[in-house]
Amino acid sequence: MNQPPRQVERLVFLTVGAGIGVYTLAESDPLFALLVGTVWALAWPVRFSKHGRPLPRAVLSLIVLAALAYAVLRTLGDIQNLVTSVSRLIIWLQIALLYDRWQVRERGVLLVTSAFLAVGAVLTSNDLLLGMSMLVYLPLLLWASLLHQLSGIEERVTGRASAMRQPSERRRRDLVRLSLAVVFGASAAATGVFLLIPRGVGEGFLGDWGAPTEARVSGFSETVTLGDAGLISESRTPVLEVVLRDASGRNIGSANRPLLLRGAVLEEYRDGRWSRRDDRGDRYRLGPGQTANLTTSTPRGSMRTLDVTIRSRPGDHLFTALSPVTITVDRGAELLVGPENLEVRASSGVQRYTVRFQDSQVARPDTRDPASGGIASERIAELAARLVAEAGLDTDPAERDADADEAALRSLVDYLHRNYFYTTVMTAADSGEDPIEMFLFRTREGHCEYFASGLAAMSRSIGVAARVVTGYLAVEFDDALGAYIVRESNAHAWVEARLSDGRWVSLDPSPPDDLATIHTPPTGITWAMRGAWERVTRWWVERVVAFNEDRRRAMVGRDPLRIEQALQEAVSNSFMPTEAGGRPIVLIALVRGVMVFAIVAAAGFAGVQFAIMFSGMIAARRRRIREAGTDPEAPIRAQQQGFYHATLRALRKAGLGKPPGRGMKDHARDLEGVDLSLAESLDEIADVYYASRFGRMMLTDEQHARGAASLERVRTRLDEVRRSRRSGAVRVR
Amino acid sequence: MNARMKVRRKYHVHAPGLAAIFVAILMGVGAVNSQNNLLFIAFGLALGLILVAGFVSGSTLMHIEAVRSEPPVGRVGEPMQIVYRVRSTSRWIPAFGLVAEEVGGRGAKGRRSRLGRVRAAITHIPARETRSAHAHVVPVRRGEVKLQAVRVSTTFPFGVLKKSATFTQRTTVLVRPALGPAPTAVLDQALAGAGRTETVSRRIGRDDEFYGLREYAPGDSVRRIAWRASARSESLMIRESYATMNADVVVAISFSGGSHDESRADDRDEQAISLAASLVEIARRRGARVRLVIPAAKLVVDSHVGGDEAASCEPIHDALARLDLDAIENLRRPRPVDDRNERTSRAVIVVHAREVDPSVAPGIAAHITAARASKNAAKRDSARIGKGRAA
């Protein structure tokens with residue numbers, strides 16, 4: 001299909017933009033997306049407007065070099081950034097190419113790198129939006145590739161494209177049919193691979209490579225910083241889906257049973273900031289379906305189960321209840337099990353996990369001393385002592401039993417409920433002012449972190465060990481799903497306090513009415529639409545992202561094509577495992593070798609570009625100096641060449657502009673199919689111009705008149721071509 | 001398609017194809033390692049696209065027939081066109097992005113190619129239809145080019161797999177020597193030596209062109225009586241016509257001279273052949289009868305007499321095209337041009353590949369060397385540029 005190259009170029013341009021859009025959507029960095037989106041959009045007039053000119057190679061090489069340096073530094077800083085760094089490098093390389101001259105090869109490079117960018121997007125995120133954007137992007141990429149191949153074959157063979165011939169309807173129809181067949185075939189292969197390759201085999205044999213590396217921002221944070229002004233995000237993006245079961249497996253979740261999902265336990269307080277203790281715990285590597293024990297003591301009391309599906313990964317933490325006993329993961333993962341925190345490697349592909357936990361009222365033995373200091377404030381101690389005394393309890397912790405401790409804590413919580421206001425607007429603390437004191441004694445309003453900090457500070461001042469816990473408050477129960485839907489806006493902070501009998505209890509000092517207002521899902525048509533969207537998202541997560549071996553076997557059987565056996569053998573036997581870890585060192589070396597090669601090749605490419613650029617600049621400068629010094633006629637000649645530039649302008653205006661880098665004689669040949677007289681006139685103009693420009697001849701009056709006459713003929717012919725086009729037919733003479 | 005035509009179809013190891021397979025494998029390994037379901041889908045798509053590309057290109061070429069039209073005679077430096085008729089015999093599958101090219105054969109491909117790379121693109125052939133592809137080539141060396149086979153290949157749809165079908169079709173293309181600028185002065189000089197100033201002179205004779213009337217004289221043919229004019233003048237009038245008298249021009253080539261080391265044919269010999277061809281052509285255009293004499297090859301060729309004038313020197317050009325200098329023994333040995341019989345009536349021009357050696361044609365022959373001719377042409381060009389500058 002002899003597409004006019006301009007149309008193919010525009011399609012390639014749009015495809016590149018779509019690829020960048022898909023990747024930035026996956027990466028969820030709005031600033032970067034805005035930057036590259038703007039730069040991409042600005043390339044359009046540079047590329048396609050009549051006054052557009054490619055940027056100098058020097059500038060483009062500098063852009064690529066800077067991007068390369070940034071990517072290398074970022075990757076060296078943390079190997080986890082490899083995918084992001086390489087993808088961003090590809091984007092800047094594409095941007096540089098967009099501002100450069102294009103030939104067939106450049107178009108091909110843009111399309112191939114765009115496909116790589118799509119792979120980068122898949123390695124970055126598994127979001128539904130990404131999946132949907134792929135449904136738009138992949139057909140676009142396919143169509144652009146087909147048209148590029150067709151026009152490229154002709155350009156490569158003949159040295160020029162049949163620029164102005166429109167494809168026939170038959171060709172268009174055939175190509176559409178072929179494209180549909182390709183889409184059908186490729187989709188069938190993708191579905192086959194998706195269904196037939198056994199899951200779990202060979203998982204993690206090359207480390208973390210291939211797993212999504214980035215996550216959406218969630219409301220959850222493993223640190224709490226008080227005293228900054230601002231506003232808390234109220235994003236309703238679903239983060240988790242949680243099913244609560246009792247020991248018999250019965251679903252006992254309901255909207256009336258709010259659930260605190262414990263994420264980070266923060267025990268250290270300093271200068272308005274709560275943070276974790278520096279004890280990350282032990283590492284455990286679990287295979288798919290394997291279970292890890294989270295406690296060394298024998299479980300007592302009733303057991304419950306949380307089935308958690310991750311809809312959008314909220315960082316490294318796994319969310320549990322107060323006293324988790326075991327955890328089972330659906331995919332292989334490396335867990336960090338600390339005394340209080342439970343984490344998973346950021347790049348893990350875990351999508352579902354099940355936590356068995358004890359009823360929170362059962363005492364838990366401590367494996368270490370609970371943090372109790374850090375908040376030395378006489379005013380807070382006085383307030384807490386007064387409140388405890390007002391409740392009729394002894395202020396001396398040694399004189400209180402566990403029930404008295406709990407009563408004392410309740411009195412503090414009641415005080416906060418009654419006398420303080422909940423707001424998501426944060427007020428800045430004065431200089432030198434402790435944010436907890438600011439909350440308790442000056443502003444008397446704040447959000448959950450302030451309430452939790454105030455209670456923890458007061459609890460510690462009356463001799464009860466307390467800590468701030470961040471996680472989610474699950475209150476939205478979907479009856480149809482039988483699951484809690486946990487959103488970013490459900491991020492919450494509360495307090496865990498240790499009673500004198502060793503039991504830890506959860507206390508939520510935030511006013512319950514305000515909490516209900518904040519966390520209860522809104523109603524209305526917008527929310528209904530959002531609900532529909534979430535159901536689609538849920539389907540996506542259930543059926544695609546979290547598709548596992550159980551589901552696969554249910555659909556196609558255990559291993560109909562014996563792929564599992566082959567994979568097992570390949571992973572276990574074929575690649576010389578190391579003595580220690582059992583990972584195949586040949587493959588690891590291969591993958592790392594490819595990475596190093598890619599970096600070295602990119603650096604080499606940039607170096608060569610840089611050298612070419614500078615040598616070109618120096619040569620051009622020397623030439624200019626030499627010409628100016630020895631050729632006083634140069635400015636006069638440049639003036640004489642005006643007819644040539646006028647011709648270029650006329651061609652651009654008529655939509656038949658000469659592509660950058662293509663000679664006028666070649667362009668004249670390209671236009672033979674449009675108008676033979678026009679092509680002949682252009683050829684004459686090229687003769688006169690070349691004599692002046694490259695032969696360095698001063699044009700005679702006769703030559704100048706010939707150039708001007710040819711220009712007039714060109715203008716006349718272009719007018720006729722325009723008229724013919726308006727009337728719907730291009731007359732070929 | 002010729003029933004005896006041999007067809008070979010095969011897939012080619014192609015760098016982009018290897019790269020695509022490598023990337024697909026890398027994605028597969030990544031998917032297995034990470035169990036990332038979207039990566040499994042991406043791997044499946046990559047695999048599917050490679051398979052579909054293989055199927056599309058393969059099935060396209062399973063139903064392709066290509067025939068080369070009889071190629072025209074070419075000339076060095078002048079564009080020529082070779083036409084291929086490519087037919088898709090498939091009932092359903094159209095063919096896209098085909099490249100028809102010459103493969104195999106001496107002088108058709110490679111560094112010593114006479115035609116350069118002969119390729120033509122066909123973007124689309126609907127099912128059960130035929131399309132023509134035109135390969136435009138500019139021959140770079142004279143001689144006979146043996147074309148062996150036409151290969152039709154495609155990398156469509158994604159450029160990752162290359163499949164080809166090769167159709168054996170043997171034929172020969174003759175490439176004549178280049179026609180370049182030749183000094184006409186040497187022709188004038190040769191004509192002067194033969195006692196003429198023009199290659200064509202006219203006298204009263206028996207051609208068709210009318211000259212005048214005269215009174216009848218005894219012995220005149222009755223057929224030449226102009227009856228109408230005779231009736232007006234009351235005496236018999238005879239119609240007289242012109243007759244054209246063509247000069248005879250002999251163009252000879254001498255390869256003698258040079259050192260012993262230069263026994264093999266080189267560019268100067270080719271320049272001499274090209275110059276001789278140019279002189280032959282100039283003489284033909286001026287109406288002369290031309291004879292080519294190459295003593296070293298014992299070759300004497302006359303222009304075709306009595307036929308179409310435009311084609312009259314074709315035997316000479318063909319002989320020059322076929323002249324194989326490497327087959328001539330003692331190429332550099334001086335050999336006299338044998339023009340004894342026509343010395344007084346024929347204009348003789350001797351083209352020397354190296355320095356002028358008057359002994360090969362002593363007397364009234366005009367001599368020119370290929371090197372001098374090209375130098376003169378360069379001088380003319382520089383004079384023109386200089387004139388332009390001065391203006």
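Predicted model: local features only at pLDDT ≥ 70, side-chain atom pairs only at ≥ 80, totals over all residues.
Over chain A as a whole, the mean pLDDT is 80, with 82% of the residues at 70 or more. For the model, the scores are ipTM 0.71 and pTM 0.63.

Chain B has a mean pLDDT of 78, and 79% of its residues reach 70 or more. Where in chain B is confidence lowest, and where is it highest? The lowest value belongs to helix α7 (residues 370-390) of chain B, with a mean of 50, and the highest to strand β4 (residues 80-88) of chain B, with 91. Residues 381-391 of chain B have pLDDT below 50, and this stretch has nine contacts in the model beyond near neighbours in sequence. Residues 107-112 of chain B also stay under 50, with 16 contacts beyond four places in sequence.

The overall make-up of each chain comes next. Chain A contains 21 helices and 21 strands, and 40% of its 733 residues are buried. Of the contacts in chain A between residues at least 6 apart in sequence, 77% join residues at least 24 apart. Chain B contains seven helices and 16 strands, and buried residues account for 41% of its 391 residues. Among the contacts in chain B with a separation of 6 or more, 72% are between residues 24 or more positions apart.

Strand β10 (residues 323-329) of chain A is largely enclosed by the rest of the structure, because five of its seven residues are buried. Two strands of chain A pair with β10(A). Strand β8 (residues 291-293) of chain A pairs with β10(A) in the antiparallel sense over three bridges, and A:Ala292 has A:Ile327 in β10(A) as its bridge partner. Strand β13 (residues 352-358) of chain A is joined to β10(A) by six bridges, and these two strands also run antiparallel. In this second pairing, the partner of A:Thr326 is A:Arg356 in β13(A).

In chain B, helix α2 (residues 37-62) has 26 residues, which should span 38 Å at 1.5 Å a residue; its end C-alpha atoms lie 37 Å apart, in agreement with that expectation. The helix α2(B) is mostly covered, since 20 of its 26 residues are buried.

The account now turns to the place where the chains meet. In the model, 51 residues of chain A are in contact with 42 residues of chain B. On the side of chain A that touches chain B, the elements giving two or more residues are α5 (104-124), α6 (128-158), α7 (169-196) and α13 (525-545) of chain A. Of these, α7(A) gives the most, with 14 residues. By residue type, this side of chain A divides into 29 nonpolar, 15 polar and seven charged residues.

Helix α5 of chain A also holds A:Val109. Is A:Val109 buried, exposed or partly exposed? With 14 other C-beta atoms within 10 Å, where burial would need 20 or more and exposure 12 or fewer, A:Val109 is partly exposed. Its C-alpha atom is separated by 9.8 Å from that of A:Leu93, which lies 16 residues away along the chain.

Notes:
Residues numbered from 1 in each chain as written. Chains lettered and ligands numbered in written order. pLDDT = per-residue confidence, 0-100. Helix = DSSP H or I, 4+ residues; strand = E, 2+ residues; numbered from the N terminus. Contact = placed C-beta atoms within 7 Å. Nonpolar A, V, L, I, M, F, W, Y, C, P; charged D, E, K, R; others polar. Pairing = 2+ DSSP bridges. Expected span 1.5 Å × (residues − 1).
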